[in-house]
Every structure is written in C-alpha cells, then in structure tokens.
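Here are my notes on this complex. Please read them with the model open.

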Amino acid sequence: MSMHFSVLRKPIIHGEKTLAQVTTDVARPLETRPTILWWVAFLTSFSVLVIGVAAVTYQIMTGIGTWGLNKTVGWAFDITNFVFWVGIGHAGTLISAILFLFRQRWRTSINRSAEAMTIFAVMCAGIFPLIHLGRPWLFFWIAPYPNMRGPLWVNFRSPLLWDFFAISTYFTISLVFWYIGLMPDMATLRDRAKSKIKKAVYAFMSFGWDGSTRTWQRYETVYLLLAALATPLVLSVHSIVSMDFATSVIPGWHSTIFPPYFVAGAVFSGFAMVLTLMIIARKVLNYEEYITIDHIEKMCKIVLVTGGIVALSYLIEIFMAWYSVNEYERFVFLNRALGPYAWAFWTMITCNVLIPQLLWFKKIRRSLVIVFIISIFVNIGMWFERFVIIVTSLHRDFLPSSWVMYKPTIIEIATLAGSFGLFFTCFLLFVRFIPFIAIGEVKGVLNYGKNK
Amino acid sequence: MSEKQKKRYWKSIEERENTPQFQAEAENEFPEPLPLGELLEDPSFNEADVSRRSFLKAAGFSVAGALLAACARAPVEKAIPLLNAPQDIVVGKAYWYASTCAGCSAGCGILAKTRDGRPIKIEGNPQHPLSRGGICAVGQAMVLSLYDSQRLQKPLRKGQPVNWQELDSEVTVRLNQLGDDVYVLTGTITSPSTRAAIERFLSRFKRSAHVEYDPVSYSAILDAHEQTHGRRVLPRYHFDRAEVIVSFDADFLGTWISPVEFTKGYIAGRTLEGKPPRLSYHLQLEGRMSLTGANADRRIRVTPVEGAAILTELARQLARKAGVTSPPLLQARSLSGNAAAVAAEIAERLWRAKGKSLLVCGQNDVELQRLVNLVNHLLGNYGKTVDLSQPSYQWRGNDRALVDLLEKMQAGQVKALFIADANPAYNLPNPAEFTEALKRIPLTVTFADHLDETAGLSEIVCPLNHPLESWNDAEIVEGLFSLSQPTIPLLGDTRTLRECLSRWLGDARPDREILMSYWKERIFPRQKKEGSFQKFWDQSVHDGFAVVQPNKKTIPAFRFASVNAPRLQPLNSEQDFALVLYQKTGLLDGRHAQNPWLQELPDPVTKVTWDNYLSLSPALARKMGVKEGEVLEISDGEKTVQLPVQIQPGQHDRVVAIAVGYGRKGTERFTELGPKWIEHRESKVQPVGKNAYPFVRQVETNRSYLSKVTLSKTGNFVPLALTQTHHTITVPKKLGGEARDMVRETTLAKYLKDPKAGNHYEHPVLQLWEQDFVYKGHHWGLAIDLNRCTGCSGCVISCQAENNVSVVGKDEVRRRREMHWIRIDRYYSGEEGDVSVMFQPVMCQHCDHAPCESVCPVLATVHSDEGINQQIYNRCVGTRYCANNCPYKVRRFNWFDYWKRGQKENLVLNPDITTRSRGVMEKCSLCVQRIQEAKAEAKRQGKPLADGDIKLACEQSCPADAIVFGDMNDPKSRIAKLIEHPRHYRMLEEMNFRPTVGYMTKVRNQG
C-alpha cells in the first residue's frame, strides 16, 4: 500500500508510522532504564531544588527581612517569579484547549508535555504568593471559609483574593484536563506493563479504561467540554494576575492595557518555554519524527505574533504615558528607560522585542539552534519584563523622599533558582513516568495529509 | 406493697451462678502477678553486673543531669492579686507628673506620664513659661534612658561594687585626712539647691572651687558680657520680639542654648494667622548646613573667618550709623567687594529694625561675642530682644576655670576631685592629658549614670539617679524655678549629687528634705502669692515650676573699650579646610549616645542615623572625586580621624563639618542591635561613630570648635544609614526634571497680595460617586503648617515613645527599613550651593479613599466611621500590597522580630499599644488610643468632646505648634478653620485619595 501525499497538506507525523510503532516509540523512554544524561539532569535539578527549599525554610524561620525588600519596594523577586511562572503556565492550556477548539491538529504532538509544563509552572508560581507573606503560616486567611474568628471575612475587592481564586481554578482545571487526556495512554501502558506493580498502578490511573467505543465517545465529550471550560481560563488567569497591578494606584501599574498585554506576554513566554523544552526533548527522546521542524516553526510563528502584541503594548504604554500628560506616569517610563534600572528595561526590550524579530525569517524559524537560543532570550526577557514592571514602578513613585533602590539577597536568588529546580525535577520525572506524547491523539493524526 | 423484694443485679452469668472461679477472681481483681520473679530468674538480668561504682556513676549522672535541666530558665508566671492597693493609684490609669527635663540644661517643663508606677512618656508642660508645652527629641527620649540596662546600679570602689555605708565612711575619713585642695568639676548645674550643697561642701576646705564646664561651651558669651557689661551671665534672647534675626553659626532652632524656648519664640514671630501677619526676617551666615540655616529666609555661605570679617564690618557700619566713633573698631580692615556689600545690606536691615532685631553668634570666641554685644548694643536690643536684667542660667560653663583646674591638677595641687555630670576624659580636647593629671590626684570621685570614660578612671564611682527618679530643682532664668519630682521609685541603689555631698558633711536627711529646706529658706521668701510654705511647695510641685521675684540688678554701661576687631586667620593653602564641629539634634554633646532612639533618629538635615561623618559640599566632593560613604582621613596636623563622607548641599566649599558626641564608650553594644542573619553587615564591635572632640582647640581662654584640617583618601567605604536617599523634590534632569508639588511655598510679598500664592494647583478632581460615605459623627483630620515646622524631629521620637515603635539598628536602616511612623521629608531646591530647604512631616495620610484598604485580601486595614485608616495587626498576614499601593509610602513592615523579650528597656512600652510581631504591617494610627481615651473621658463627664481635648503625640510636643488635630466636622474647631485657609492643601489631591492630613504652604520672608 503505497502512500500518496496531498499537495496541500503535509503529514504532521513523519516517518510513515504505523499505529503500533507510535505506541512503541512513545512508550520507549518509560520502559527502558534512564540514561546517564537523565540522571545528571535530574540530580542537578534536584540539588537546585534542595537549595531553594533550604532558602525558603531559612526565610520562613527568620523573616521576610532575609529578602532585599524595604519600606518602598514591598515586592520584587517574589511577585516577579510568580507572574513569570504563571505566564509560563499559559502555553499548555492554550495548546490543549484553544488549539483543540480551533482544530489545530498539529497540537497533538506537543499538548501532553506542554500541559505537564503548565502544571509544574503553576505549581512553581503558587509557591510565591504563599511564601511572600509576612506570616505564611496564616495563608489560609485569604480563603473565604466559615470560621470562628468572629465575623471576619475576606476582602472581595482585593485582587490578591481574585488571584487566589484564579490560580486555584486554573490549576485544578489544568490538572483535570491533563489527567483526562492521560487516561487512554494510561490504559495503553497498563496493557504493555510487564511488572505487576506497574500494571496495577497504571490500571488504577487509567480508571478502568476499556477502549470501547462508548468509552471513547464519553471521553471525547468530556475532553471537548473541558477544553471549552479551560479556554476562558487561559484568558482570565493572567488578566486577573495583571489586575494586581492594574487596579492599584502606582504609576506604571495603574494601566487598563494590562490584562490583554499580560495574556499576550504569558502566551509569548509560555511558547518560548515549550520551544526550549521541546527542542531538547525531541532530540534526547528521539521524537524528531513526532515533533517535527514544522511544529517548531508553527510555534515560532505564535511566538512572533504574541511577541508583536507585547511590543505593541510596550509602545502603547509609552505613548499613553506621554499622551496622558500625567507627570508621574511620564516619569515612570523615563525612569525605566533612563533611570538606575535602565539595564533591566533594555534587557527586556532586547530580549522581547528585538531578538524575536529574527523569527520573521523562515530559515531562522527552521534552525533549531537559533530558535533554541531565541527561546532562552525570550524567557529571560519575560522575567525581566515583570521585574521592570514591579521594581521600577515601586522604587520611585510619587514622593521623592521615599525613593530607594532594591537589590536582591542571596536568599531571593536561591529561591528563584529553587523554583527552576522544582520545575525541572518535576519535568524530568514526568518524562520517565508518563508518555511524553499523547499516544491516543497522535494516532488520530497519523493519516493527516495522506491520500489512501 | 408490704413485702420488700430485694432485687438482685448481676453483671454476668458467672456472677449470677457465683462459680468458684468467679469467686476467686472477684477476690483478686487484678490477677496478673508482677513478673518480678521471672525477671529475677532471668539469667541475663543477674549477669548484668551493676557494680557499686557504676551505680554511683549512673546516680551521679542522673543528679547532675537533673540539675542541669533544672538550670534552664523556666518561665516564672506569677499572678498576685493586688491585696493592698496603693492609695490614689488606679491600675491601668495614666497619671501625669509635672517635672523638669534634664536632657540638657535648658530646663524645659515636662509632664511625665506614668502607668502602673512607671513613666512611659514625656510631654511638654503647656504651663511652663519657657518651653510652653514644647519638648524636643532629646527630652522625649529621656524616658528610655531611665530603663537603660547599662545604667550604674551600685557604687563602685576601684571597679568593685560596694555599699553606700562603706563608701560614705571611707570618703568621710579620707576627706578628713586629705584636708584641703578639694575641687568639684561638673557640667552646668542649674539646680540652686545642688549648687548650695556644693558650696556648703566646699566651704569646709581651704583652696577649693566648683568648676563648671560645658563640653560644647557657651563660655565666650558669658565672658564677653563680663567684659562689655560687667556681668558674667548668659543673656536671655527673645526671638519672639525680633523682626530681624541675624544668626552667625548659631543653630538656635536645633541645639544652641535653649532650642525649644527659641523655637517657640521664633515661631511666635512668624505667625501668619495674626493681624497683621508677622513674619520675621531671618538671615543665617554659616559654613555648614544647620537646622537653623535650613529654616532661614536668607542663608549666606561663609567660612568662619569670612563670617567674622562680615561681622566686624557690620559692627563698623552700624557704629558709623549710630555715630559711635570708637577707635578700635575704625582700625578694622575694610572688606573686599562682596562681603562688604553683604555687611552693608545686613547693617541696613538691622538698622531699620532697631530695638526689634537680634544678632546671635554660635562661636565660642570671646572677640566675636564682644562684637555681637556691640552690635546688639548699637541696635538698642539690650532690654528688648536681649535681656541681661533677667538673664539665663541655662549654661554656666567657664572655660578659663577649667584651664586653671587642669593646670592645678597637672601641678599636683589637687588632693581630691569630685566629677559630676561631666565626662572630661571623653569630651576634653586632650583626654590623655586629663587622664594623666587625674592619676596624680589622691582621691577621685565620679558621679555618673554610666561607667563612662571618666567614671572608668576614677577610684570611686557614685551612681546617679535618673532625673525621672529624683527630686530636683533648676533656676533656668532669673526668677523662674523649675521643680522635678520622682515618677518612679529608684531602680538602682543610686543617689543624687546633692544627697551624697550632704551625707559626707554629716547631713543624713533624705534628698527631698534637703531640697525642701532650701526652697523654704531661699525661694519661698521671694514670693508673695502663697502664705504658707507647704501650700507654695505643693503648688510648685503640682505646676512643676515657681515664678518668684527676680533679683534685678542694674546693668552697667556698655564698655566700648573692651571691643576690638578680631584677628582673622584665613585659610592659606588650597589643601586647608575650615573644620566646624557641631552637635547633632539627637546626641547633643554626646551625653545621649547611650540612647538608641536618639541614635536612630535621622538627623533633621542630613537624614543619617547611627553615625557621625564628614560633611562636605557637592562641589568639593566632585573636585576631590569622592563619593558619599567614602572614608576620608581628617588631620589637623596632630590628630587624625577617619570618617565617611556625607555630601551636603548648601555647605561652603571650604568648610567641612563633623558632629561631636560620637565614639562614646558603651555604644559598642549597639553593634548587637537589630536582627542577626546571614547578610547582616555589622561584624566589628565598635562604638557608634568617632570622637571629634580632639579637634577642639584651646584658643587662649576659650575652647574653639573650629579648626583647620587637611583631607586625604583612605580607599575604604562605609555606607551611611540614610533614611532619605533622594534629596530634592525635583526629579533628575534627564528624567524630566520637573518639580513635584508635594511641598508648596511662596514669598511674603506674594502671600500678602494673594494668600493662595504658591498653592494654585487646581487639578480637576472627578468623583465617580458623589459623597460615597457620609461622616456623621467625628471626622478626624490633621493640618501641618509647613511655615511653622522647623524640622526639629521632636515628633519622631514622641511618636516612637507613644506607639512602641521599634528600633531596628544600623544595618536595617541601611536597608531602608526604619520603622518611624512619622518622618520628616527634607527637600532641597535651587542650586546645590545656595539651596533652600523644605521640611515636611509625613505620616499616614488617612485617606478617605485609601488605596491600601481596597487591596488587602484579609481586611487587615479598614476605614473607621470617623475617618481613620485602621491597621489590624493580628489580622495582617503580611502581603505588603498595602504598602506598595500607598502613594505616600508611610507604611512600615516588620521584616523581622524586632522586639526582644525580657529586656529592662521594655518597661518603657506603652501598655495601650501592642508591640508588633514579624510579618505585620504597621503605621500611624492617629494615636487612636488617645482619641478613645478622650472620648471615654468626655462620656464619663457627660459633656461633648471639645476641640483640643485630643492631642496627638506628635502634635502635643511640637515646639513650633505646627501640627493641629481635630474634628473636621466641627465647624468651630481649629482644623476646620485651617482647612478653609487659602494656604491649605493636600498632597496628591488630584489623585482623589482624599487624605485627611493636610499641609499649609510655607511662606518665606523674601522678595
């Protein structure tokens, strides 16, 4: 049976895979012993995580004073990291939910890992609002629950409370969505498992999947519904996170453009992180035929588009600062560009606006090394974007008497590193225990672009 | 029912059946025998050979272990009901005692607030004729020094604690053996009864004297008056009567002679509310930037020598105007262009305000002071703004007498030296010389509160009472006697100087009786109001002072012959700089170095805490290529000291300045202050700052606080602990360069034309909802008059004492984490050379549309229905969102646990206010405890709250009466009137935060 390819549609999966091959290919890393490379990566990530845990423990025991914050700059690394990780967490749900609804079938190769990334990123993000509290052991006071402390209730006007709802909802839905998508694959693994324990675990996790048409039909209904449910969350989470700033009165924060600007930025950074991870993973895990150069190119295009929105937002902000004739607003932007933190601002501009412009060129989009480097720059740039928004707005606001400088302490740097440690530790474990590619879904697109 | 049937209950079949087994078991209810036999039979148990030796070992270990465990400090919690309640004391109620401040010898009247038997707050006594309710930062902080754990508790003999009986008998015996040549060296003693005791004590000996000296001496003023007027006294200056004030290097609003009294007077001459509005013209000639200079209408930068030349020229021109042709003056050199013009301008100003002008000079130079006297005489100021008939006794130091005493000591002519309230081993220019001479004296007795530099050298150290523990009196100005009464029983085994000296004369009366008898004999007869002494005494104790008939003395005619033109020694080399030594508002001459509140008080002008430094002008810093914090070595040829640089706009380019009072023994302990963690940057244990007294020079009879120094780089760097790092209201030029409108000022000329001058910032304020909350009851507000505020920072310490604001230490201040609820923002404007300065006290603005309230997720900061922005500490989880969103940046966060348990110093805590734990936000509460107390009291008395019933801590003690608190809903209140005033504005009004704290435009007497 020879294959005929459509003139218009290129196959998504290369290598003329059979269904069985797909299963074998995807399950291979789960059924072989980990490589030395994996061990090196895992132990490094885990050590960094341990350092982070030590830093956070020390901070909670000693006080927030172990961070470089002061009377004027009340947030810096903590909320920067928080927004950064929430942003990273955006790509996964976008890929699995929005692209699903838009029938972008190429998403099947990357949705599983991108969603996993989302969950780990949101986990990393969730830590920061918790540990940034002066009294973290009282974090549950932010939750509105019936309590015995008199008529005390939470403040529904506070964006931090909205954050609490937004993040917890997003995390829950993402996790459920991811898990539902995982069930057929769990069943596949169950069926392939040789050891009893493995079989039992996968059997449990597959919820008794039997592969019947009825099961598949139910599954797909649920998946579609969850996709529809998750879609508004992709937009809402970062909109709400941005309201932490937008609803405040601080020049540089108080801006109505923040919700769309933040969402675009989040997708931008999320896809950059997906690119970073995929370019390595496809090589190391031998998934080059599944995650093809076309996938990379498509993601590059999304990065380019969202990067464009981000750049436009920067321009609009600067324009508004000038157009508003508000001396404080104007000052903040001049101070960002020319003040003591100008280096951070220009790092942000370089990484987020200038470097991604290279992606206009097809050659570059299809060059793995260059795309990888660009994706790293975007990650750095997006971290600095949040740093610039938070620190440069706070450190010099209305009253010049209160202007100060902020410098992170080693505890803060260790905490940031620790969050990366947590992220990569989780991701590396994911690679070992859960199929990196959605087997069931990829099988559905094997024939894409083929004429039989 | 006749037959009583006995019912039988049973628990089990066995019981009912009463089987033999059951019977056996019932008898032996716990049948299991102890398995002791088994154990004993166990061969391994018997084999375990416990020798007597090892048994004793184990027993010993157990006992020792138990003992060690018992050594751990277990919390002792005792709750003993107050069975015998003290009379007239209600627990939990505050009592106020009138007393006299002993922070310096200016003698301001104070009221000490005691709660449950311990003083916790000091406030100004509004009835006191001199200070009229004002009190400075130092006075406020005196309450903390009472509880200083390092205060001496027992007398020492050769460093070993002894009891008073032993000490008394030893001193008495040795005095009898020594015979004569006994000297008493003290700081200024304003207490007439103590002076009498010293006199009485010394009268026993031939060749004896009481020598008084002040570390920062005013001796030249007294000496000059002795020469020009024939009386060695300090005149009383009436700044309120002066329309033109010219001050040459006198920081009379900050530290000079009696700053609170002078601030009251100065502000009285600058009230715009009167009709017609008064605004004196204040001109300051100085080299460094003093607090007074910062408030001047015009400030001319001069080196001390240039200033002296201008002063000479001024005297010459005024003499010409007055038609006095006194030969020595005319011989004075004529000055070059600019200085002569300045002198002419000042002369003209002063001459126009004859009899209503005042020239003061802060230099301890008798030649200059005689010139000042001449000028004031020519202007007819004596008897008007300068009062010699009722002079001041606030400072009595005599530099000459000190020199004589030192010579006698060196010559071995002193047999016994009693040092009280003085620390010559620290604050004399050559402490080594003094120390050496001290060794030649057979008997040295020091009266001190700390084991300071001098006390450490003397054979016998007598611990002194804290002023808040003692009876005392003070004659501040002629005819005005202040009284001090104890507010707490003695915390240590201490005495007053008066009591000690009396005892050694065999007079064993308690201190109070000595004082009372003095008053009965010497002061009571000088008044006619009260018939009986007891009534007079009671009234005086109640008031805290007594006004009696002054001993008026005629002032001899002015002796022109005594005045000569001062010899000037200008700076010759380019490398030489004029060094000006000055006192800082908090530490003064160093006597308050042990007080952490004052150490952490930001200097009103430089905003530096916890250090002294070398101030130099920006132009000089640029020329030398030094940055702020760079350590320079300062040398006058003989002595050197290394200090970090502080760049001071407005300072003369050839003048450098260092504060005295630092480098005190005992301040090493503050290295330990503040939280310890891995990035804590204070590792070396050393005193706070460096001692600058060695640069003081003995110039003929007076000590001069000016010197000539050279500077050299060391390459080291010490970051200063600043609380304000951006110093202008203008944003940097490359970032827009616009001046912000938080501080507003205008000139008198413009103000007279348009009272709203300088305050025209009509931003449209749009309301989304009209009047979204109506304040039906009270609506508290605060107005701060920038025209009155001198920036003295008294309110900062007052607030700290009232609200239990923690001290955080140098490292934390460097991290910009100071906790003060009220801060004084200081902004420079104009060119960096001739800057003008604005001060603006900023505390929580209690916005009616508070940005902090809407963002707190846990409702830890909410608005009261009286308009107060409240912070609920125990609800706060510490997101710091409120502080970020505060446009005024007045919220303070507890980054660490700043409070330590079990410190004696904690006795100063106000029990009405909780201390805040770590992770909690805090800020100004508008002294809500005072509002509540006043409301409760009004309710108890059944009458409505009157305006002025509530005085906030910052407001109460403000020497300039710059802060007014009240109910904005009460149309008759002072605050309601001030809000209507054209000078009134609110910070960031256009943002619609609706702050209830407002400010009043500053008006300068210019143009």
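1. **Basis.** This is a predicted model, in which local features need pLDDT of at least 70, side-chain atom pairs count only at pLDDT 80 or more, and totals for chains, interfaces and linings use all residues. Residues are numbered from 1 along each chain as its sequence is written, while chains are lettered from A and ligands numbered from 1 in the order in which they are written.

2. **Confidence.** The predictor assigns the complex an ipTM of 0.91 and a pTM of 0.87. Chain B has a mean pLDDT of 87. In that chain, 95% of residues reach 70 or more. (pLDDT is the predictor's confidence in each residue, from 0 to 100.)

3. **Chain A against chain B.** Contact joins 46 residues of chain A and 48 residues of chain B. (Two residues are in contact if their C-beta atoms, placed from the backbone, lie within 7 Å.) On the chain A side, the elements giving two or more residues are α6 (159–192) and α11 (327–338). The largest share, six residues, belongs to α11(A). By type, this side of chain A has 24 nonpolar, 16 polar and six charged residues. (Helices are DSSP runs of H or I, at least four residues; strands are runs of E, at least two; both are numbered from the N terminus. Ala, Val, Leu, Ile, Met, Phe, Trp, Tyr, Cys and Pro count as nonpolar, Asp, Glu, Lys and Arg as charged, and the others, Gly among them, as polar.)

4. **Domains of chain B.** Chain B is split into domain 1 (95–147 + 467–492 + 509–570), domain 2 (152–217 + 397–463), domain 3 (220–392), domain 4 (576–722) and domain 5 (733–767 + 775–1004). (The bounds come from an automatic or database domain assignment.)

5. **Domain 3 against domain 5, chain B.** Their C-alpha centres lie 36 Å apart. Contact involves 14 residues of domain 3 and 14 residues of domain 5. On the domain 3 side, α10 (259–268) and α11 (291–295) of chain B are the elements that give two or more residues. The largest share, four residues, is from α10(B). That side divides into seven nonpolar, three polar and four charged residues.

6. **L673(B).** Where does L673(B) sit? Its place is the loop between β25 (655–659) and β26 (697–699) of chain B. Why is L673(B) classed as buried? Because 20 other C-beta atoms lie within 10 Å. (Buried takes 20 or more other C-beta atoms within 10 Å, exposed 12 or fewer, partly exposed in between; C-beta atoms are placed from the backbone.) Not counting residues up to four places away in sequence, L673(B) touches P596(B), V807(B) and G809(B).
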